[in-house]
Amino acid sequence: MRDVVITGIGLVSSAGEGLEAHLNALSGGGAPHTDLATFEPFPVHPATALEWDRQIPKKSDQRQMEPWQKLGCYAAGLALNAAGAKEDAALKGRMQLIVSAGGGERDYAVDGQILTGLRNAENPGVFLNERLMGDLRPTLFLAQLSNLLAGNIAIVHGVTGASRTFMGEESSGVDALRIARERIASGQDDIFLVGGAYNAERPDVLLIYEMGGFLWKKPYAPVWNRPAEGGGMILGSGACFMVLESREHAASRGAKPLAAVAGIASDRSRRKPGSAEASLHRLAKQLEAKPDVVISGATGIKGITEDEQAALKDIAPGAPVHATGDLVGHTMEAQAPTGVALAAGLIAGRKASEALVTSVGHWRGEGAIRLTKA
Amino acid sequence: MALRDTKGRPLVAVTGMGVVTSLGQGKDDTWAALTAGKSGIHRIERFPTDGLRTTIAGTVDHVDVEPFCAPVLSERLAMLAAEEAVGQSGLTPGDFPGALFIAVPPVEMEWPQRKALAEASGQEGDVTYKDLLKAAASGAFKPWHDLFIFGTVADRVADRFGTRGSPISLSTACSSGATAIQLGVEAIRRGETDAALCIGTDGSVNPESLIRFSLLSALSTQNENPEGASKPFSKNRDGFVMGEGGAALVLENAEAARARGATILGYVLGCGERGDSFHRTRSSPDGAPGIAALRQALADAGVQPDDIDYINAHGTSTPENDKMEAMSCTAVFGERMASLPISSNKSMIGHTLTAAGAVEAVMSLLTISTGRIPPTINYQVPDPAIPLDVVPNVARDAKVSYVLSNSFGFGGQNTCLVFGAEPKGA
């Protein structure tokens with residue numbers, strides 16, 4: 001099996017743009033940026049303002065995308081830059097792409113008008129047809145389709161090996177990385193762009209998680225402190241993409257590895273008290289993890305957050321534990337990639353020699369990623 | 001026979017298949033109808049179609065689900081197909097010894113649910129998402145969280161069949177079903193698993209989904225004669241017809257399948273894929289990405305273009321797809337393309353979108369095992385720009401050893417698979 005290394009990271013979130021900004025925020029330890037007002041009573045971690053032109057030069061491309069895709073496309077560009085691949089058309093032409101994604105934004109005004117009109121519509125079905133035919137922007141569909149973030153990355157950045165889009169909330173982020181790593185390690189492919197993007201500043205996604213009772217509705221508190229007060233997650237806008245390749249491939253093109261991806265394990269426990277804890281134990285054992293730092297994807301949701309805390313006490317006694325939720329919020333499909341990026345940054349900066357990144361999904365799915373020195 | 005391919009990788013055998021489409025439930029019913037040239041396209045009865053440009057589809061109406069919405073119907077179609085496939089494979093139901101790769105339509109909350117939330121909010125003036133959020137806070141709608149998140153269909157299928165590990169839900173738009181199979185093939189070749197359950201499912205014919213495609217002018221508007229609307233490769237083709245369906249394949253390391261005495265139905269010999277950066281919904285005018293995917297699939301399978309006996313086309317019936325597919329195939333197969341049979345199942349079952357690649361994989365393998373090529377129906381007006389042997393209107397008997405199946409999708413997705421009765425050189 002071949003070693004798999006990370007050679008480029010692109011990261012955007014409420015904590016800023018780029019790996020450095022995030023590592024600084026992590027070491028600074030201050031409270032993260034939140035917006036309490038826009039979706040009151042739901043705080044969100046809003047994406048930092050970005051000059052889209054810097055990574056998505058054509059306005060026509062920007063117009064075809066909604067924020068989740070723009071965030072992802074922007075981060076993908078940063079990752080390609082950092083990996084020294086941005087200007088290498090031939091390399092990007094054989095680069096494989098795996099994206100972890102949900103779906104795209106809606107036209108909230110149109111939805112509201114239709115719901116208002118439906119109340120007194122003589123024939124609701126006919127009314128719905130007429131309004132959707134008349135009011136939906138034709139191109140909005142392309143900003144909603146899950147695989148069109150990958151499509152936009154191909155168009156804007158020319159990454160055209162082939163793309164696959166994984167769905168399934170947090171797990172999709174872990175499994176995107178896992179499959180990319182296995183394909184490289186086994187020699188099936190040499191180089192990948194992998195990552196995900198999430199826009200939390202959307203009432204439709206808040207609605208899904210509020211229906212399930214998963215959202216924190218008070219001002220920001222660290223994820224570990226939330227269970228005592230009922231628990232809940234604060235969604236965050238952000239995106240993270242990384243270039244992964246075999247060690248030999250990186251060496252042959254003179255790319256400097258930041259860290260090695262030593263192993264990725266994921267599973268799906270039947271959730272009950274203690275199941276997430278047991279699952280993390282199994283995954284860490286499978287990876288033979290002996291981390292000196294942990295980057296946790298903990299959500300702050302009651303039960304699973306304490307489960308994870310208990311597991312980490314055994315898996316990584318004495319190691320500092322940083323929660324990505326306390327830095328950028330919960331970025332769902334982008335959560336695991338973001339954790340891996342931060343861990344790779346700490347290892348590259350000699351702040352750690354081995355890191356464990358955890359992902360305990362808010363509703364299902366557990367994952368762990370072990371990173372070591374390159 | 002060697003149980004490794006010419007590249008030294010484990011051979012990937014198919015030991016179970018299941019399918020459900022508008023033509024029927026199970027591969028026997030579907031295959032009988034498909035080779036009889038029957039159409040499953042009909043007028044939409046599921047919701048009012050007043051004011052719509054397209055009023056026909058290949059919906060699956062013989063399956064009842066509650067609440068009626070895309071994720072629940074898609075889940076049911078996946079379950080039905082997988083029950084048939086796993087049943088045929090002889091593997092223990094509920095204890096599937098491998099991973100799940102499932103192509104599912106991107107889900108989101110639908111209008112009946114939005115309407116229920118709006119009503120529950122008590123808002124009597126203008127409704128906004130603030131009102132929906134207020135209604136959601138009551139906790140009365142908790143099951144809808146699980147219903148409308150992306151990983152749920154896979155989770156439930158994994159529970160039912162006892163697949164191992166984290167199930168993978170995926171989308172590569174209209175090539176998703178083929179990608180699910182490709183992921184399974186790769187995992188077996190890596191030696192990660194000896195078995196994979198690969199599924200494509202789509203039950204998303206609802207007003208908004210249909211209107212979205214309609215607004216992109218992708219759908220046929222020839223509503224008068226629903227059965228005649230899907231006309232792949234015909235000069236008067238005017239768009240695709242939405243269809244629903246599900247298909248499942250049990251893939252196994254051939255050595256493991258042989259060791260347990262399983263009946264091998266055929267092999268997935270090769271996979272090819274290629275991204276296209278030209279446009280969000282259109283292919284590169286030179287067809288280069290599609291051509292590359294075709295060639296890669298043949299090379300991966302270790303076969304030459306001349307070995308292929310039949311092409312199961314993507315064949316959507318849109319002006320663009322059929323022209324580009326014919327061009328790409330001609331580039332790869334040369335003059336032989338004029339006489340190499342190529343037919344489109346979509347002429348009968350419509351475009352089953354996320355499921356299409358998996359449904360058509362099952363049909364490709366049945367073509368090999370039965371020696372009968374399903375036709376392209378509704379082929380009355382040939383397109384002189386694409387002179388192909390589309391197996392017009394009537395099924396044809398032929399010895400078919402190797403099939404190429406094409407899948408192309410929005411977002412620059414091109415995925416091609418090669419199936420065989422036996423590996424080349426066996």
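The model is predicted: local features need pLDDT of at least 70, side-chain atom pairs count only at pLDDT 80 or more, and totals for chains, interfaces and linings use all residues. Residues are numbered from 1 along each chain as its sequence is written, chains are lettered from A and ligands numbered from 1 in the order in which they are written, and side-chain values use heavy atoms, with hydrogens and water left out. The whole structure holds four cavities of 30 Å³ or more and seven aromatic pairs over all chains.

**Annotated domain**

- UniProt, in an unreviewed entry, places "domain: Ketosynthase family 3 (KS3)" at residues 9-421 of chain B. Such positions are given in the numbering used here, feature names are shortened, and annotations may be inferred rather than shown by experiment.
- Over residues 9-421, chain B is 34% helix and 19% strand. The end C-alpha atoms are 18 Å apart. Helices (H or I, at least four residues) and strands (E, at least two) are DSSP runs, numbered from the N terminus.

**Second largest pocket**

- The volume of this pocket is about 550 Å³. A pocket is an open set of points on a 1 Å grid over the protein atoms alone, with protein on both sides within 12 Å along at least five of seven lines; lining residues have an atom within 4 Å of a point. Grid points are joined across faces, edges and corners, and a volume is the space filled by probe spheres set on the points.
- The lining has 33 residues. B:Thr281, B:Thr318, B:Glu320, B:Asn321 and B:Phe410 lie nearest the centre.
- Helix H10 (288-301), helix H11 (319-333), strand S14 (402-409) and strand S15 (413-420) of chain B each supply at least two lining residues. H11(B) gives the largest share, six residues.
- By class, the lining has nine nonpolar, 18 polar and six charged residues. Ala, Val, Leu, Ile, Met, Phe, Trp, Tyr, Cys and Pro count as nonpolar, Asp, Glu, Lys and Arg as charged, and the others, Gly among them, as polar.

**Cavities**

- The largest cavity has a volume of about 170 Å³. A cavity is a set of grid points where a 1.4 Å probe fits but cannot get out.
- Of its 22 lining residues, A:Gly168, A:Ser171, A:Arg364, B:Gly151 and B:Pro167 lie nearest the centre.
- Strand S4 (162-167) and helix H9 (169-185) of chain A, with helix H6 (152-161) and strand S6 (168-171) of chain B, each give two or more residues to this lining. H9(A) gives the most, five residues.
- The lining of the largest cavity divides into seven nonpolar, eight polar and seven charged residues.
- The second largest cavity holds about 40 Å³ of space. Its lining includes A:Leu97, A:Ala150, B:Asp276 and B:Gly411.
- Helix H8 (148-157) and S4 of chain A give two or more residues to the lining of the second largest cavity. That lining divides into five nonpolar, five polar and one charged.

**Rings**

- The rings of A:Trp52 and A:Tyr74 have centres 5.9 Å apart and planes at 85°, so the pair is edge-to-face. Rings of Phe, Tyr and Trp (its six-membered ring) pair if their centres lie within 6.5 Å; planes under 30 degrees apart count as stacked, over 60 as edge-to-face and the rest as tilted.
- A:Trp52 lies in the loop between helix H1 (19-28) and helix H2 (59-63) of chain A, and A:Tyr74 in helix H3 (residues 67-82) of chain A, so the pair ties together parts 22 residues apart in sequence.
- A:Tyr74 is buried, with a relative accessible area of 0%. Buried means under 20%, exposed over 50%, partly exposed in between (1.4 Å probe, protein chains only).
- B:Phe213 and B:Phe240 have ring centres 5.2 Å apart and planes at 75°, so this pair is edge-to-face. Both residues are buried.
- Ring pairs link A:Phe141, B:Phe213, B:Phe240 and B:Phe410 into a cluster.
- B:Arg114 lies over the face of B:Trp111, at 4.5 Å from the ring centre. The criterion is NZ of Lys or CZ of Arg within 6 Å of the ring centre and within 35 degrees of the ring normal.

**Backbone**

- Most residues other than glycine have a negative phi, and most peptide bonds are trans.
- A cis peptide bond joins A:Glu40 and A:Pro41, with omega about 10°. Another cis bond joins B:Glu66 and B:Pro67, with omega about -5°.
- A:Met332 has a positive phi, near 50°, and is buried.
- A:Arg350 has a positive phi, near 60°, and is exposed, with a relative accessible area of 78%.
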